[in-house]
Each structure stands twice: as structure tokens, then as C-alpha cells.
Amino acid sequence: MWQRIQTVFLSIAALAAVGFLFAPIAVENNVAVYGKSNVIASAIAIAIALLSLFIITQFQDRKLQMRFTLINIVIAIALAVVSALEAMQKNDAPKYEFAIGIPVLIIIALLLAYRNIKKDEDLVKSMDRFR
């Protein structure tokens, strides 16, 4: 399970989703806006982390892994949209922090995980043809 590269990418996505909760998205009037300050963004980040950990445990069924990884990518895109809207919703021009890019990191990690899961599935299919 841990020897597969997609496990590393899924772990990065899960850790980044948890890190999103505690990192400041923007600073406005010396008040930090955290990911956990928005209930919807918090729920989405927790869902991404839990789904990523679930996907890691499903290493024997690659097709299921691929489906859930695609669902997780859609959820991560929703997190990016919600966090961007939350940061732009303030009246004054906020100063964006590095955490606004965490959803992009999650999406990239999930795309790389999907690509490697697909490579494994293609390898298994090609080996089945030789039998």
C-alpha cells in the first residue's frame, strides 16, 4: 500500500486539506481569515482529507480508487472556489496569504494520484493480455 506513489500523493492531499483549516487565507485589517472560519470550506476540507484516506485503503480495487479520486478532484475544485469567494467577500482589498493556493496543491496532488492509479490499471490490463 505505502510503496505506491499514488499513496504519497493522496497523503499529500489529505495533509494539505487538514493544513488548509489552520492556515490563514487572507489578512484584512490585521485580522486573519482562516480556512476553518468558513463552515462550508471546513466541511469540504475535512471531506477531502477523509476521502483521500479512504482511497488509500482501497488499494486492491483500482477502478474504485479512480472513481473516488475523480470525485475528490471535483470536491477540491469546490474548495478552491469557496475559499476564493471567501477571501474576495471582504469589503477592503485583502492581502492574500499562501494558504489560498492550498486547494491548487490538493488538486495537483489528486491529479497525479489519478494518473498513477491509471498507470497501474493499464499495467495490470497489459499483463492480463499476455496470459
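**Charges, rings and exposure**

Guide: Let us begin with charge. The protein carries 13 positive and 9 negative side chains, and the centres of these two sets are 10 Å apart. Please keep in mind that this is a predicted model.

Visitor: What makes a side chain count as positive or negative here?

Guide: Lys and Arg are counted as positive, whereas Asp and Glu are counted as negative. Arg67, which lies in helix 3, is therefore counted among the positive side chains.

Visitor: Why is Arg67 called exposed?

Guide: The term exposed requires a relative accessible area over 50%. Arg67 has a relative accessible area of 53%, so Arg67 is exposed.

Visitor: How far apart are Arg67 and Val31 in sequence and in space?

Guide: In sequence, 36 residues separate Arg67 and Val31; in space, the distance is 39 Å from C-alpha to C-alpha.

Visitor: How many aromatic pairs are there?

Guide: The count is 1 aromatic pair. Phe54 and Phe68 form this pair, which is edge-to-face.

Visitor: What makes Phe54 and Phe68 an aromatic pair, and why is the pair called edge-to-face?

Guide: Two values are needed, because a pair of aromatic rings is described by the distance of the centres and the angle of the planes. The ring centres of Phe54 and Phe68 lie 5.3 Å apart, and the rule asks for centres within 6.5 Å, so the two rings pair. Their planes are 85° apart; an angle over 60 degrees counts as edge-to-face, and therefore the pair receives that name.

Visitor: Why are Phe54 and Phe68 called partly exposed?

Guide: The term applies between the limits of 20% and 50%. Phe54 has a relative accessible area of 34%, so Phe54 is partly exposed. Phe68 stands at 25%, and therefore Phe68 is partly exposed as well.

Visitor: How do you know where the prediction is most and least confident?

Guide: The mean pLDDT is highest in helix 2 (residues 39–57), at 94, and lowest in strand 3 (residues 95–96), at 70. For the protein, the average is 86, and 92% of the residues score at least 70. Where pLDDT is low, the predicted coordinates should not be read in detail.

Note on methods: Residues are numbered from 1 along each chain as its sequence is written. This is a predicted model: local features need pLDDT of at least 70, side-chain atom pairs count only at pLDDT 80 or more; totals for chains, interfaces and linings use all residues. Side-chain values use heavy atoms; hydrogens and water are left out. pLDDT is the predictor's confidence in each residue, from 0 to 100. Helices (H or I, at least four residues) and strands (E, at least two) are DSSP runs, numbered from the N terminus. The place of a charge is taken as NZ of Lys, CZ of Arg, CG of Asp or CD of Glu. Rings of Phe, Tyr and Trp (its six-membered ring) pair if their centres lie within 6.5 Å; planes under 30 degrees apart count as stacked, over 60 as edge-to-face and the rest as tilted. Buried means under 20% relative accessible area, exposed over 50%, partly exposed in between (1.4 Å probe, protein chains only).
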